[in-house]
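The sequence and structure come first, and the text follows.

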Amino acid sequence: MNRLDKNLLIYLPTSVIPIAGSTIYSVITINKIRDFVEALPYIFLGLPASLLTSAVLTFEYFKQFLYVVLLIVLLAPFISSFTISRTYENVEVVPNEYYIEITLKVPISYSQFSDPNALFEKIFNKALKKMKNPYYYYKLRSLGNCSNLKVEVHEDKIVLRKRCGDTIVEINLSNKDEAYMKVSISY
């Protein structure tokens, strides 16, 4: 299991706010992580405190709405996180007469990686989760073990490139929290 980010755990006390706390914490988390699946452990961490404070407040003042409020507190963080994470889904497919080019923006903090192969695998696997088209998904899934990774270091970016027959995967790392992945598949 991956370790939780301490920078996101700093915001955990916001989940104590009655009724809206878990939603606020989930929105903060999803805006930082930008991936719904990776944000789930943080959402589950914020739920108990928010449920407890919401239940106490609701039971004290609005007993008849207890179940409605608890249901809202349970569902709102998941719905808001899922909705916000969909705005970060950005797969673009551009066909050309010679090849198909797929571009993706993958949110990742790559400062924790010292091995370029591990970094390539992490970014590649995150990008693979975003593929909805089964043809591209299976075509890219087979690329994991093709050629050796080629690393180019430029003044303002790092380029990781792997080739497998007629398919080229290129990952550009120019800032610390996002990687740009381009896949070229020839016909």
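## Between the two domains

Domain 1 and domain 2 have 2 salt bridges between them, a salt bridge being a side-chain nitrogen of Lys or Arg within 4 Å of a carboxyl oxygen of Asp or Glu. The model is predicted, local features need pLDDT of at least 70, side-chain atom pairs count only at pLDDT 80 or more, and totals for chains, interfaces and linings use all residues. Residues are numbered from 1 along each chain as its sequence is written, and side-chain values use heavy atoms, with hydrogens and water left out.

Domain 1 covers 6-86 and domain 2 covers 90-186; such bounds come from an automatic or database domain assignment. Taken over C-alpha atoms, the centres of domain 1 and domain 2 are 34 Å apart. The contact (heavy atoms within 4.5 Å) takes 5 residues from domain 1 and 7 residues from domain 2.

## Area and composition of the interface

The size of an interface is often given as the accessible area lost when the parts come together. Domain 1 and domain 2 bury about 440 Å² between them, with 32% of it on carbon and sulfur atoms. Buried area here is the accessible area (1.4 Å probe) that two parts lose on being put together, summed over both. In domain 1, the residues that lose the most area to domain 2 are R34, D35 and E38, which together make up 79% of what that side buries.

By class, the side of domain 1 that touches domain 2 has 1 nonpolar, no polar and 4 charged residues. Ala, Val, Leu, Ile, Met, Phe, Trp, Tyr, Cys and Pro count as nonpolar, Asp, Glu, Lys and Arg as charged, and the others, Gly among them, as polar.

## The network around E38

Side chains of opposite charge can pair when their charged atoms come close. E38, K122 and K126 are linked in a network of salt bridges. E38 meets K122 at 3.9 Å, N to O. This pair links distant parts of the chain, with E38 in helix α3 (residues 36-61) and K122 in helix α5 (residues 116-130), 84 residues apart. Helices (H or I, at least four residues) and strands (E, at least two) are DSSP runs, numbered from the N terminus.

K126 also meets E38 in a salt bridge, at 3.6 Å, N to O. K126 is in helix α5 and E38 in helix α3, 88 residues apart. K126 is buried, at 9% relative accessible area, whereas E38 is partly exposed at 24% and K122 is partly exposed at 26%. Buried means under 20% relative accessible area, exposed over 50%, and partly exposed in between (1.4 Å probe, protein chains only).

## Another salt bridge from helix α5

The structure holds 5 salt bridges. One of them joins the side chains of E121 and K162, at 3.7 Å, N to O. E121 lies in helix α5 and K162 in strand β4 (residues 158-164), so the pair ties together parts that are 41 residues apart in sequence. E121 is partly exposed, at 28% relative accessibility, while K162 is buried at 9%.

## N148 and its surroundings

N148 sits in the loop between α6 (134-141) and β3 (150-153). N148 is exposed, with a relative accessible area of 66%. Leaving aside neighbours within four places in sequence, N148 is in contact with R161 and K162. The C-alpha atoms of N148 and C164 are separated by 9.5 Å, and these residues are 16 residues apart along the chain.
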